[in-house]
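Visitor: I have a structure open and would like to learn how to read it. Could you take me through some features, one at a time?

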Amino acid sequence: MVKPDHTTIFFDIDSAWNAPYKRDELYPILKNNGFLIYNFIHDLIPILLPELVHNFTVNNYDTFIKTVYEYSDMVLFNSHSSQKDFLNYKNKLNIQRYIATRTVGLGADFLQTNSEINEIKIKSILQKKYILFVGTIEPRKNQENVLDAFELLSKKYTDLNLVLIGKKGWKIDEFIDRVKSHPLLNKNLYWLDNVNDDTLSHFYKNAFIVTYLSKYEGYGLPIAESLQYGNIT
């Protein structure tokens, strides 16, 4: 490796813990060659809620975060909450090494388009009165409680609909079976797992209300996205 000048930065910006080149091997090489190491961390879910995450991810994340504590020069976060979680866990591990931390502002950057929706099913749903939930279908997002509440509401408000937008995640087979066999499926209950950003923007704009009952978030992007369209969350 060619030794860089002192301003060269290796910026690890995403979910590197499951990458083939493990950071506990890479970071020491970088530091020995004069690199500064910066990280962007969205959340500490595998540490705080390991029961809701793949065991594979839990094990890899533990090694990753400890390597960050050992070698990183600066860590950026998407929220003060994530920054606080990072520093609290650092204290819990009794790590005294100083690491610079910063929280950066994020938002919702959908392009404002006026494109028409041509798919008949989508057009039909958009004309209904619906509660919208956007997010991967997985235990942490808490779609199960949303569906529980909707089943009660739908008995009183028969014109109300629930739209779940997100791909199937992990540890969620029982709930997926419940959705697929639900008597209201494709009548008042809809699950869309392949929606592009343009179509998603239409769902945000036309929603009666957007709900988000996640058990933990670093940032919670759907909240910012819905507010961008002036929708209630």
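Visitor: Which residue of S4 does Met74 stand opposite?

Guide: Strands here are DSSP runs of E with at least two residues, helices are runs of H or I with at least four residues, and both are numbered from the N terminus. Two strands pair if DSSP finds at least two bridges between them. In this predicted model, Met74 faces Ala100 of S4. Strand S3 (residues 74-77) and S4 run parallel, joined by four bridges.

Visitor: How far can I trust the details, and how are residues counted?

Guide: Numbering starts from 1 along each chain as its sequence is written. Because this is a predicted model, local features need pLDDT of at least 70 and side-chain atom pairs count only at pLDDT 80 or more, while totals for chains, interfaces and linings use all residues; side-chain values use heavy atoms, without hydrogens and water.

Visitor: What is the strand order in the open sheet?

Guide: The order is S1-S2-S3-S4, with parallel pairing. Strand S1 (9-12) and strand S4 (100-103) are the edges, each pairing on one side only. Neighbouring strands are turned by 20 degrees against each other on average, direction ignored.

Visitor: Which strands does helix H1 touch?

Guide: Contact means heavy atoms within 4.5 Å. Angles run from 0 to 180 degrees between N-to-C directions, using axes fitted to C-alpha atoms, for helices over the stretch in contact. Helix H1 (residues 23-32) packs on the sheet, touching S1 and strand S2 (36-41), and its direction makes about 160 degrees with that of S1. Helix H4 (residues 80-92) lies across S2, S3 and S4, at about 155 degrees to S4.

Visitor: Which residues of helix H9 are buried?

Guide: Buried means under 20% relative accessible area (1.4 Å probe, protein chains only). In H9 (residues 221-228), Pro222, Ala224, Glu225 and Ser226 are buried. The buried residues of H9 pack against strand S5 (129-134), helix H8 (197-206) and strand S8 (209-210). Just after H9, Gly230 has a positive phi of about 70 degrees.

Visitor: What lines the largest cavity?

Guide: On a 1 Å grid over the protein atoms alone, a cavity is a set of points where a 1.4 Å probe fits but cannot get out, and lining residues have an atom within 4 Å of a point. The lining here consists of Asp14, Ser15, Trp17, Phe40, Ile41 and His42.

Definitions and conventions. Buried < 20%, exposed > 50% of the residue type's maximum accessible area, 1.4 Å probe, protein only. 1 Å grid on protein atoms, 1.4 Å probe; cavity = no way out; pocket = protein on both sides within 12 Å on 5 of 7 lines; lining within 4 Å.
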